Amino acid sequence: MKHIPWDILLALFAGLALGLAYSWVISPLRVTNADPTALRADFKEDFRSAIAAAYAATGDLPRAQVRLALLKDPDPMDALNAQSQRMRADSDSFQEADEVAALAVALENGSGDIPTAIIATEVVQQVEDFFTETVLPPPPDVPLVLTETPQTIETQPDVIAATARATQTPVPTLGAPFTLTGQDNVCDTNLPDGLLQVIVLNSNRRQIGGAKIIITWEGGEEQFFTGLKPELGNGYADYMMTPNVTYTIQLASGSDIAAGLTTPTCQAQSGETFFGGIKLTFQQP
Amino acid sequence: MKSNRWVFIILALLAGIGLGLAYGWLIDPVDFFDLPPDTLRADYKADYVLMTAEAYRVEQDPGLAARRLAIFGSQSPSAIAASGLEYARAHAFADSEIAMMQELVTALQAWSGIQ
C-alpha cells in the first residue's frame, strides 16, 4: 500500500481555509448586482412608494404587480397597508401614503381572482423575463434613436406626443363606491363619550386600511384614516364628536353619505344619562 | 525532508488557496442583505428611474422626483436619471418610456440649475 502524503494534504486544506477566509471574510465580492429583495427595509419602502406612484400615474396594475413581486413580500397587500399606516403615523407625505394605500386596494380588487401562488410563480416568471441581463440587439428600427440623443430639445416633440398615454388612467380605480351598511348608536359606559367609530370593509368583508374619511360639520371639516389603530383592526378609525354638533361623514374614495350624526344621549342602569357614541360600517358592494 | 517535498507542499498550499478563492468568490459568494439601493443591478435601477419618470409625468414635481432618486446616494438626481435613460436606450425600452425618462432628465437638469 502506498504511503498517504499527509503533509501535502494538510497544506492543501490549509490553503483552502486561507482562501475561503479571504474570499468570505476579509475581502468578499463587492455587491453590484443585487436584487430588490436584498434591500434594507426602509429602502424597500422607498421602492414600494415608487411603484405606487408609478401606478397612480399610469394605472397599469399588472406592471405594478410585477414590480411588487420583485420584493418577494409574503403578502404584498399587507406590506402596502402596513407601510401606508407607518407613513401616516410618521407624518410622511399623505399623498404618498394615499398612493400606497390605493395600490393595496387596487391589488385587492384586481387580484381577487389571482391566487397568491400565481403571483409568486407566473408573475415572478414575468419578472425574470422582463429583467434579463442579456443585452438584446436593438431592433432594426430602433438604433437611429441613438443618433437623436445628444439633442435634448429635439426629443421634446416625442415627449409631447407621448403625453396622450398619461390620459389613459390618471387616477387608479378604487372599485365600487362604498355603501353604508350599518349605523348604530353605541351606549357603553366603558367607551369615551362621543366616540364615533368607523369600520371600512371590502366586498369580501375584509377590513381596508388607509381609507380616507372626511367628516364635516357646520363651519368645519377634518380628515382621518382607517388603520391608525391596527390593534382594533386595519379598517378601524375613530373620531371624538362634540355634543350638540351635527356631523356628516363619507369616504374620500366615494361612498354613501352618513348625515345628521349627533352624539346620542344614553341612560345608564343607575338612571344617570351620558353621551354615547355611533358606529358606522361602510362596505363595498 | 527532501527539498522537492517542500515544493509539493507549497504547491498544495497555493492550490488550496486558489480553490478557496474560487469557491468563495465564484461558486458560493457571501449572501448580502440590508443593502443600499446603489448596489442594485443596472436593470432594476433603470426601472426605478422609469417609475420615477412615470410619476413625474403626472406630478410635475421635480423636487419630489429628485427626492425619490436620492436613495441612490452620491450622484446628482439628474445624473442618476441620465444613467437610467442610457440603460433604457441601450436595451430597447419602449419609445414612450424613453421619452418619459428624457423628460425627467431634462426637468432634473433644469431643477438642479435652480437649486
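Modeller: The account below begins with one chain, passes to the contact, and ends with selected residues of the other chain. The model is a predicted one, and every value given here is computed from it.

Chain B contains five helices and zero strands. Read from the N terminus, its elements follow the order α-α-α-α-α. The chain has 115 residues, of which 42% count as buried. Among the contacts in chain B with a separation of 6 or more, 67% are between residues 24 or more positions apart.

As to the contact itself, chain B contributes 47 residues and chain A contributes 51 residues. On the side of chain B that touches chain A, the elements giving two or more residues are α1 (3-27), α2 (42-59) and α5 (95-114) of chain B. Of these, α1(B) supplies the largest share, 15 residues. By residue class, this side of chain B comprises 28 nonpolar, 10 polar and nine charged residues.

P76(A) belongs to helix α4, which covers residues 76-89 of chain A. P76(A) counts as buried because 26 other C-beta atoms lie within 10 Å, and the cut-off for that class is 20 or more. Beyond its neighbours within four places in sequence, P76(A) is in contact with L68(A) and L107(A). A further pairing concerns R48(A): its C-alpha is 9.5 Å from that of P76(A), although 28 residues separate the two in sequence.

K72(A) is found in the loop between α3 (61-69) and α4 of chain A. Its phi is near 55°, a positive value in a residue other than glycine. K72(A) is partly exposed, because 14 other C-beta atoms lie within 10 Å; a residue is placed in this class when its count falls between the limits of 12 or fewer for exposed and 20 or more for buried.

N244(A) also has a positive phi in a residue other than glycine, here near 70°. The loop that holds N244(A) runs between β5 (236-240) and β6 (247-251) of chain A. N244(A) has 8 C-beta neighbours inside 10 Å and therefore counts as exposed.

To return to the part requested, the side of chain B that touches chain A draws its largest share from α1(B), and 28 of its residues are nonpolar.

Notes. Residues are numbered from 1 along each chain as its sequence is written. Chains are lettered from A and ligands numbered from 1 in the order in which they are written. This is a predicted model: local features need pLDDT of at least 70, side-chain atom pairs count only at pLDDT 80 or more; totals for chains, interfaces and linings use all residues. Helices (H or I, at least four residues) and strands (E, at least two) are DSSP runs, numbered from the N terminus. Two residues are in contact if their C-beta atoms, placed from the backbone, lie within 7 Å. Ala, Val, Leu, Ile, Met, Phe, Trp, Tyr, Cys and Pro count as nonpolar, Asp, Glu, Lys and Arg as charged, and the others, Gly among them, as polar.
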